[in-house]
Amino acid sequence: MSHSTTEHAHHWETSWAPMILTMGLLFLVPLTFSAYFVYQNQLYATVFAGIGTPLVLIGIAKWVSEGLTQKPLLAGVSPSALPVFIISEVFIFLGLFSAYWTMRLSAGDHWPPAGTPEHFNLVLPVIMTIILVGSSLTFHVAEEKLEHGDLGGFRSWLLLTMILGLAFLGCTIYEYDHLIHAGFKPSTNAYSTAFFSITGFHASHVIVGLGIFISVLLPALAGKTNKYFTFCAGLYWHFVDVVWFFVASQVYYW
Amino acid sequence: MKGRLVALSIPGIVTPGVLWAAESAKKVVDPVENWNHLWNEVLIDLFIMGTVFSVLAIHWLIKYKATSPDQVGRGPKLTRAQSWAWAMVPAFIFMADDFFLAAKGWTVWNIYRNVPDNAYEIKVTGNMWYWQFEYPNGVTTTYSYDTKEGDGLMVPVGTPVVLRMTSNDVIHSFGLPAYRVKEDVMPGRVTYIWFNPLEEKQTWVTCVEFCGVLHSQMYAPVKAVPRAKFDEWLQKKKSTT
Amino acid sequence: MSTESHGFNLREWIFTTDHKRIGVLYLIGSIAAFSVAGIQALMIRIEQSSLGPTLVHDVATGGNQYNVWLYFHGAAMILGFLIPGLTGFAANYFLPLMIGAKDVAFPRVNAFSVWLFYAGIVMALLTFVVGDPPDVMWTGYPPYSVLTSGNTAFYVFTVHLLGFASILGAVNFLVTVIYMRAPGMGWNQLNMFVWSTVTAFVIQLVFVPVLASAVTMLLFDKYLGTHFFDPANGGDVLLYQNLFWFYSHPAVYVILLPALGILYEVVATSAKNMIFNYKAAVYGGMWGIVLISGEVWIHHLYIAGMPNWIRIGMMVSTLLISVPVGLLTISLFGTLFRGAITYTIQMKYAAACLFLFLIGGLTGIPLAMTVMTTHLSETSFVHAHFHYIMGIFSTFAVFAAVYYWFPKMTGKLAGEKLGNLGFWFNFIGVNVTFMPLFIIGVQGMPRRYWNYEMFPQFEPFHKVALLGAILVAIGMGMTILNWVISAISGEKSPANPWKSASLEWTDCANPPGPGNFTKDVVIKPEWTPYNYV
Ligand code: HEA
Ligand code: HEA
Ligand code: CUA
Ligand SMILES: [Cu+2]
């Protein structure tokens, strides 16, 4: 309701970024997955991933650069749009959790099911929690710096945030590696099913979050920032952080 | 007005319990008859609803045809009170109807779920893609769509039959249209249905949950035969295996 | 002043971020999905027209072919035609025009949505290319979908892509309606169509993700060996069905609501009348549906052995849906009262819809009653129910939309002769097709059965249904042909051919140029889109 510009567009707006990104995603996710897992054809899988990855990267790069340079129709709505999107993310997690709850509650006393390692490492999740909460704080500092026009400070704190995010992923990889060596794979039992799906899905959000941070950082290195974009990146990261509390408390300590 | 309609819907919730108590006191319960009876009532209910709306619509569609291209509608502008009334009154009428149908339906549902004490128990197993029936004395039967051979499900006339059902692979569903019953058959769970074969006749069970290539070949005859014949058949089966 | 574009420019179309052009892309894609799925429907009808194998090779393998047709038919009609046709095409093109906005809040995200939709259509069409096509029906129940040798992954990815497109669309349009209404436009001045899509998008936003998580688990179970749905290893067989219907019941209102919204526009404009009891319809009817739609999914699991406590609760809540839907019905029918009706093609479709809606909606009532469903579930009675309300009612609503807004989109008038002829073929055809299915459904004709040799008495009914389907196919062919011909060589339309009072007709060109409005729209407090006096 706040838009009242008197100038009117005289040409059709176009952008090839969304279409290229979609094509990339089509190759990278469904087709590569199908080639690899359904048809066990590694050659095709490689080819599809090889086509998809650059398309995705080009699409995102183009999209981000347009977002930072072109004037939007209506500035400043993305901070309201992202929470709306997060509502739907919450429901995806709820779907996964409800699967976990059903399996868990119907198992009664037979939990954890046979095949689960006797001594689950319960210290690591604490460390991971500290890392992730820390990264939310460092990002907050980064935003503060940006607000005060301190671009250099912003970049450093953002970089620190990303390093913490990577450390978190490192912990996940370490943990997965350990568990799989101990014979605890996604296919082992109901607990491993839920464990790997939920933590893996959360980790995929961390990866997406880091991807968004890269798209913030690279232009920032060239001096280009956008406070709404940064705000949304941060909001997403905080959301991923909050979800982790549920993941950790439900999956490790319940 | 509001209060009275709410009050009206309360007996709608209480009566089914009473009705059901009275119902179960009777001797022979025939779920099919109950179902058919309810079905007729529901059809009449829906028919009335549908007719009221259709007749109004047809009437207005004809009556309010524009007579000149510039004519505009003169629909009533509702006052606040009218607009509340037009929301609340129909809402309560619809709600009353809903509770009426729910209560009626639940009464019959209770018949469907409460297996008579004297019911004859047969175990049913669903497989891709055939049914297997196991009788109390260990006899098992099947049916092949291909050769059209096998006894299928044999039941004695006059005795309620309860089926305890499970599946060896995917979800199937045991559908017995002639007896108005149907329930899914699942791996890892046991479900049940019961029905009352009151006369001698042959009908069909069909698998009604999609289960793959031969889903529509997963059927078998259900033969209701007199008790004596049934016992004789069962004995013979037992001795030949 | 004029913002007319100069000729056809392919690049500008493919890479467009303009909501109108994206709307047209949605329309083309969804009509394509409809045509292919409709042809599968014809194969299904021909197959069932005789007892034994008709089109399929033989009894032992025929099921495979039939199941793939039926899979594609169901999935493409719902996910590829109706949802994108209503929330993609109609909402995209007309919602911003109706609220006086220049575009949606995030035009690039909008373009992203439409291409995700096309990617989903590509995934669905791959069904006809690979040797082991998906054969899991649009419902995809495990354990069958996990055990089958068919390609369940394509089913999952089709759902993912189309679902992601829907979620992004929902975010985009909700933000658009909240922030981009023309200055002065209050909530009670919105078009019924705008309200209906807002409520539909709220449903999409909340429920699609749950479907996405359900099919993802399916994918993991089949290809990564997890045990979500495997009872032998601690999983739950019915979990998928619960999650699936948690989305897919509300999804029927994602179809119903915009379809009703379109009819409101068509009826109000054709009868030159104001909406009867607007507030009751919006706040009681539409929001009422949103409120209840998430608490009724068990009515699809009545025969799956659910416990009584949840069964009775959801039976009552399912029946109670008739209250908000009933309010919408009263308001829609009431809009005819003291109107001045002109019978254009779109109004004929709308009038037909009123009856199709009653038949389809009221036959949902016995299905909602647990005990009735123990007999009716999984029979062609269910088919007839949902083809009436979805396959015909909602499809006719899309057709009404195309006819109603045809001059807006093309600047031309749609041909009357072929259009009317197509309408009568369609209207008679659908009734001839689906009425027999009610009758044999009550007598126990099972669903998803190409072979019904145990019930030879149903054969004549299937023959009649085939006749109907042929009539429909002719009618649909005429309709689509009519649009193509008229778009190319139709007669030029006046600026506001139906004399509507709504913004998309009063304030922009046919078709609107970039930026939609030539001067800023400001809404006066007494304005409504249905003010004909
Ligand atoms: C657009 C799609 C659409 C819509 C709007 C509806 C609307 C309704 N549906 Fe339907 N339904 C489907 C699409 C739809 N359905 C599909 C696709 C399936 C099958 C899925 C599959 O298995 O593949 C299905 C299956 C289905 C089942 C499961 C059957 C089974 O498999 O066993 C049930 C059971 O309750 C049901 C009930 C209802 C009800 C109560 C409504 C109500 O919303 C209807 C409300 C409308 C009215 C009631 C009429 C107007 C109101 C009045 C005139 C007021 C007065 C009326 C009264 C007081 C009664 N539907
Ligand atoms: C929007 C939803 C929708 C629509 C519109 C339709 C439309 C039709 N449906 Fe379908 N149907 C479903 C949704 C829909 N259906 C669903 C969800 C199922 C359940 C699937 C399952 O069980 O999993 C189903 C199942 C289903 C069955 C059940 C089969 C079985 O269980 O064994 C049958 C059988 O008759 C059927 C028939 C038809 C027919 C004859 C039409 C006709 O109305 C179709 C008419 C259209 C055409 C004939 C196409 C016209 C186009 C052309 C001729 C092309 C012209 C081309 C150019 C000009 C380029 N449908
Ligand atoms: Cu077994 Cu269908
Ligand atoms: Cu439903």
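How many salt bridges are counted between chain C and chain A? The count is one. In this predicted model, that salt bridge joins C:Arg108 to A:Glu66, with the closest N and O atoms 2.6 Å apart.

The contact between these two chains involves 75 residues from chain C and 58 residues from chain A. About 5,600 Å² is buried between them, and carbon and sulfur atoms give 73% of that area. On the side of chain C, the residues that lose the most area to chain A are C:Phe15, C:Lys102 and C:Arg108, together 12% of what that side buries. Nine residue pairs are in polar contact across the interface of chain C and chain A. Several helices of chain C each supply at least two residues to this side, among them α1 (10-14), α2 (19-48) and α4 (107-125). The largest share, 11 residues, comes from α6(C). By residue class, the side of chain C that touches chain A holds 45 nonpolar, 17 polar and 13 charged residues.

For the other chain pairs, the most contacts are between chains B and C. Chains A and B do not touch, and their nearest C-alpha atoms are 12 Å apart.

Chain C also holds a copper ion (ligand 4), whose protein donors lie 1.9 to 2.1 Å from it.

| Protein donor | Donor atom |
|---|---|
| C:His249 | ND1 |
| C:His299 | NE2 |
| C:His300 | NE2 |

Along the chain these donors follow the spacing H-x49-H-H. C:His249 lies in helix α8 (residues 239-270) and C:His300 in the loop between α9 (278-293) and α10 (308-320), so the pair ties together parts that are 51 residues apart in sequence. C:His249 is buried, at 6% relative accessible area, whereas C:His300 is partly exposed at 30%. The copper ion (ligand 4) is 4.5 Å from the iron atom of ligand 1.

How values were computed:
Residues numbered from 1 in each chain as written. Chains lettered and ligands numbered in written order. Predicted model: local features only at pLDDT ≥ 70, side-chain atom pairs only at ≥ 80, totals over all residues. Heavy atoms only, no water. Contact = heavy atoms within 4.5 Å. Donors = N, O, S within 2.8 Å, 3.2 Å for Na, K, Ca; no water. Helix = DSSP H or I, 4+ residues; strand = E, 2+ residues; numbered from the N terminus. Buried < 20%, exposed > 50% of the residue type's maximum accessible area, 1.4 Å probe, protein only. Buried area = accessible area lost by both parts, 1.4 Å probe. Salt bridge = Lys/Arg side-chain N within 4 Å of Asp/Glu carboxyl O. Polar contact = N/O pair within 3.5 Å; in protein donor to acceptor, adjacent residues only side chain to side chain. Nonpolar A, V, L, I, M, F, W, Y, C, P; charged D, E, K, R; others polar.
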